[in-house]
Amino acid sequence: GKSLSLICGALSWLRDFEEKKQREEARLLAVEDSGQERKKKRLASAEPGCPASEDTAGEPDWVTAFVQKKEERDMVERLKEEQIRRKKREDRLEKIRHNVQLKYAAKRKRSEEDETKRLLQLSKEVLSEGAGADVLEELDHNEEELILAEYESDEEKKVVSGLEEEDDDLEEEHVTKIYYCSRTHSQLSQFVREVQKSPFGKDTRLVSLGSRQNLCVNEEVRRLGALQLINDRCMEMQKNKHEKKSEEMEGKKRRVSRTVCPFYSYEQMQFLRDEVLVEVKDIEQLVALGRETKACPYYGSRYAIPAAQLVVLPYQMLLHEPTRSAAGIKLKDQVVIIDEAHNLIDTITCIHSAEVSGSQLCCAHSQLLQYMERYRKRLKAKNLMYIKQILFLLERFVAMLGGNVNQNPSCQAVSQPGTVLKSINDFLFQSQIDNINLFKVQRYCEKSLISRKLFGFVERYGGSATAVKTNKENQKLAGLQNFLLTLQQGSGKEGDPPLVAENDQLRTASPLMQIEGFLSALTNANQDGRVILNRQGTVGQSSLKFLLLNPAVHFAKVVEECRAVIIAGGTMQPVADFREQLLSCAGVDPARVVEFSCGHVIPPENILPIILCSGPSNQQLEFTYQTRDLPQMMDETGRILCNLCNVVPGGVVCFFPSYEYEKQVYAHWEKTGLLTRLATKKKIFQEPKKANQVEQVLVEYAKCIKRCSQAGGQMTGALLLSVVGGKMSEGINFSDDLGRCVIMVGMPYPNIKSPELQEKMTWLDKTMPRAAGQEPSRVLIENLCMKAVNQSIGRAIRHQKDFASILLLDHRYARPVTFNKLPQWIRERTQVKPAFGSAFAELRKVRKFYLMYR
């Protein structure tokens with residue numbers, strides 16, 4: 001119901017707003033026409049030689065009148081142009097909507113083009129059979145693309161041209177639109193399907209945006225798997241296309257054949273854009289259309305942004321300014337809806353934080369050094385200067401980790417292991433890079449595309465099958481190959497998870513890309529972030545991490561530019577974090593913030609939330625770090641579950657605070673035989689750590705529950721042991737029999753010993769006011785815990801006729817400060833039970849309710 005409420009509310013407003021705007025435009029144009037008539041009459045009757053009066057600002061009134069008239073004329077001209085554009089767009093879409101022949105003509109044209117391409121390819125193959133001798137010459141020419149173009153900094157450009165560069169804005173003007181963001185690809189697809197079902201499904205121009213990983217239809221590129229590699233290959237193919245065109249224009253007859261993407265056809269993408277605007281399509285339908293029309297959905301969908309009324313996109317794309325501007329998203333005076341926003345603060349923090357390992361730093365240094373040595377004579381002075389600056393930065397970063405860039409990072413042991421936090425300024429001074437202008441280096445990396453050139457270079461010379469001409473060059477490049485090889489072998493050790501995970505990417509993608517993100521992070525204001533030096537084992541395993549403390553600095557622009565921002569979610573309590581950390585810090589006027597919360601559609605008797613203070617043997621339930629490992633606490637939890645599984649039908653989902661604790665409890669139950677007792681009533685499933693196994697576990701869990709409900713007998717369903725903040729606590733629906741009871745074991749407080757969290761707490765205490773006598777750091781810990789609880793227990797009730805019981809196992813939930821942070825619709829119906837007996841009696845009623853319901 002949440003998605004539908006957002007759709008109907010927002011699109012009703014947009015429709016009314018557009019109607020009002022068009023009425024206003026019509027009125028202004030009518031006034032202009034009548035004004036032109038009056039002006040003609042006035043000019044005919046004007047007396048010559050009248051002195052002009054002056055207004056209070058000292059300007060003659062004819063000057064003021066002229067300026068006002070010019071502004072009005074310009075506005076009217078703009079309105080007329082917009083009307084013409086709108087008419088053209090509507091006519092074009094209407095034509096596509098009703099003209100089936102047009103589609104067939106486009107299809108026929110595509111098949112003819114395919115046939116032509118096939119014949120050309122065949123003839124090329126026939127011709128090239130006897131042309132093996134030219135391969136070396138081609139390789140040499142291909143190498144040209146690896147060399148950096150001459151670089152001019154901004155100041156020089158301004159001196160030469162006297163102007164700042166301006167982009168010609170040839171694209172269609174943006175209409176007022178709504179940007180709808182959610183967290184995952186599946187949540188967005190779900191939302192689009194809701195729009196299709198809604199009354200607005202037929203006449204809304206909607207476009208879905210996504211990453212190349214989701215939208216690319218070129219199988220050769222898709223096979224690369226990693227997002228960074230897909231992005232690079234795509235950009236390279238585009239560059240090849242543009243270069244090919246310019247070479248044709250110059251009339252150069254070169255035998256070089258560089259791959260261009262067959263789907264990157266402007267004409268076909270325009271056709272795809274119109275198809276997208278005519279009918280609402282989700283990402284899967286968009287990809288299918290791209291394959292059918294031989295057009296790129298990634299770029300085709302971007303062409304549709306200006307004319308679209310509703311743009312659906314992942315919120316990483318909207319919250320990261322460079323990605324936003326690259327996609328052509330303009331937020332000025334638009335409406336933004338951020339759904340599933342319970343972890344918005346964490347998302348902004350993650351997007352703008354960056355981490356680089358010692359291995360990546362050493363690898364990038366080695367690659368860049370080899371690159372500079374090979375092309376030194378071909379590179380202009382400016383390029384050499386910046387490359388040397390980047391090499392110096394990498395050298396100093398490795399030195400901060402206690403290593404040397406010229407030695408293998410996997411073989412250098414760290415002398416003083418541990419974690420150290422530094423302010424940005426302290427880090428810059430101590431690493432002796434405070435004299436380097438990081439803004440300029442960042443801009444150079446952006447404009448020169450050095451990481452992409454380096455990627456091409458490593459791709460060519462990093463492998464074993466390298467065709468390099470002279471022995472001297474072979475010797476130079478052997479260093480790079482050996483280095484990459486040692487990295488590959490050295491990363492196979494135990495206790496080195498980051499390297500093992502990134503091993504493939506290290507070998508294929510340029511680590512400089514990751515480092516550019518870190519350099520960019522260092523340009524944040526000193527008070528808004530910290531640098532974490534994490535020295536572990538070897539230099540290769542150690543890392544530098546930038547931690548953003550103030551997410552508001554990056555959210556401020558979104559709030560300033562938009563006419564309205566809606567932060568929505570099914571479980572947003574506690575909301576104080578959003579108001580204080582995100583909106584107040586971004587400079588939002590408190591009067592502009594409106595909070596709205598509504599109840600649930602289910603009747604009161606459909607939910608039974610219980611706070612249980614003690615177990616069947618009167619053991620008080622308090623799962624603190626000190627007490628939760630005690631055997632009696634684990635035994636008591638097992639007894640509670642055994643009793644529940646005897647009376648609760650269908651599926652029971654039990655959430656533990658961490659994977660480690662869940663594993664510990666499971667092992668204890670196995671040892672005491674309690675697991676066997678549990679297994680007589682419910683088949684036991686455990687949440688897997690690997691994301692690709694989640695689907696399989698859920699399918700088996702659902703199958704088991706269905707089988708038990710149909711067969712009857714002693715086994716009544718299944719028990720799923722999950723983890724708070726894991727794969728099952730968000731975005732998965734335990735509706736109906738999949739979740740008749742949700743149990744929360746203890747309070748999932750975050751790890752307070754984490755250096756990142758401690759720094760965040762210190763920062764909050766320094767910058768935020770005390771709320772109701774509580775320190776902001778204490779409030780943060782409490783809120784993080786309760787957000788995780790609310791997110792997990794909200795999985796059970798998924799529709800109007802659903803019902804479930806919720807059990808919170810810990811007496812601390814009854815404290816007013818904690819109790820008040822439960823969602824209102826759950827809080828109103830929660831019963832606090834000091835003893836297990838009365839709670840068990842209530843749960844038996846649920847069984848009766850279930851039998852009646854069936």
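A residue counts as buried when its relative accessible area is under 20%. The exercises below concern a predicted model.

**Exercise 1.** Determine where T204 is found, whether T204 is buried or exposed, and what its side chain and its contacts involve.

*Solution.* Step 1: T204 belongs to the loop that runs between helix 6 (185-197) and strand 2 (206-208). Step 2: the relative accessible area of T204 is 5%; because this is under 20%, T204 is buried. Step 3: a polar atom of the T204 side chain lies 2.7 Å from the backbone oxygen of F200. Step 4: with neighbours within four places in sequence left aside, T204 is in contact with L11, L277, V280, Q309 and L310.

**Exercise 2.** Locate V207, classify it as buried or exposed, and identify the residues it touches.

*Solution.* Step 1: V207 is in strand 2. Step 2: its relative accessible area is 0%, so V207 is buried. Step 3: residues up to four places away in sequence not being counted, V207 touches V276, S301, A304, I305, A308, L310, V311 and V312. Step 4: for V207 and V276, the C-alpha to C-alpha separation is 6.5 Å, although they are 69 residues apart in sequence.

**Exercise 3.** Describe how helix 17 (residues 381-400) and helix 23 (residues 512-521) pack, and by which residues.

*Solution.* Step 1: the axes of the two helices are 12 Å apart and form an angle of about 80 degrees. Step 2: helix 17 is therefore roughly perpendicular to helix 23. Step 3: helix 17 contributes I390, L393, L394 and F397 to the contact, and helix 23 contributes L512, I515, F518 and L519. Step 4: by class, this contact has 8 nonpolar residues, no polar and no charged ones.

How values were computed: Residues are numbered from 1 along each chain as its sequence is written. This is a predicted model: local features need pLDDT of at least 70, side-chain atom pairs count only at pLDDT 80 or more; totals for chains, interfaces and linings use all residues. Side-chain values use heavy atoms; hydrogens and water are left out. Helices (H or I, at least four residues) and strands (E, at least two) are DSSP runs, numbered from the N terminus. Buried means under 20% relative accessible area, exposed over 50%, partly exposed in between (1.4 Å probe, protein chains only). A polar contact is a pair of N or O atoms within 3.5 Å; within protein, one must be able to donate a hydrogen and the other to accept it, and residues adjacent in sequence count only if both atoms are side-chain atoms. Contact means heavy atoms within 4.5 Å. Axes are lines fitted to C-alpha atoms, for helices over the stretch in contact, and angles run from 0 to 180 degrees between N-to-C directions. Angles under 35 degrees count as roughly parallel, over 145 as roughly antiparallel, 65 to 115 as roughly perpendicular and the rest as oblique. Ala, Val, Leu, Ile, Met, Phe, Trp, Tyr, Cys and Pro count as nonpolar, Asp, Glu, Lys and Arg as charged, and the others, Gly among them, as polar.
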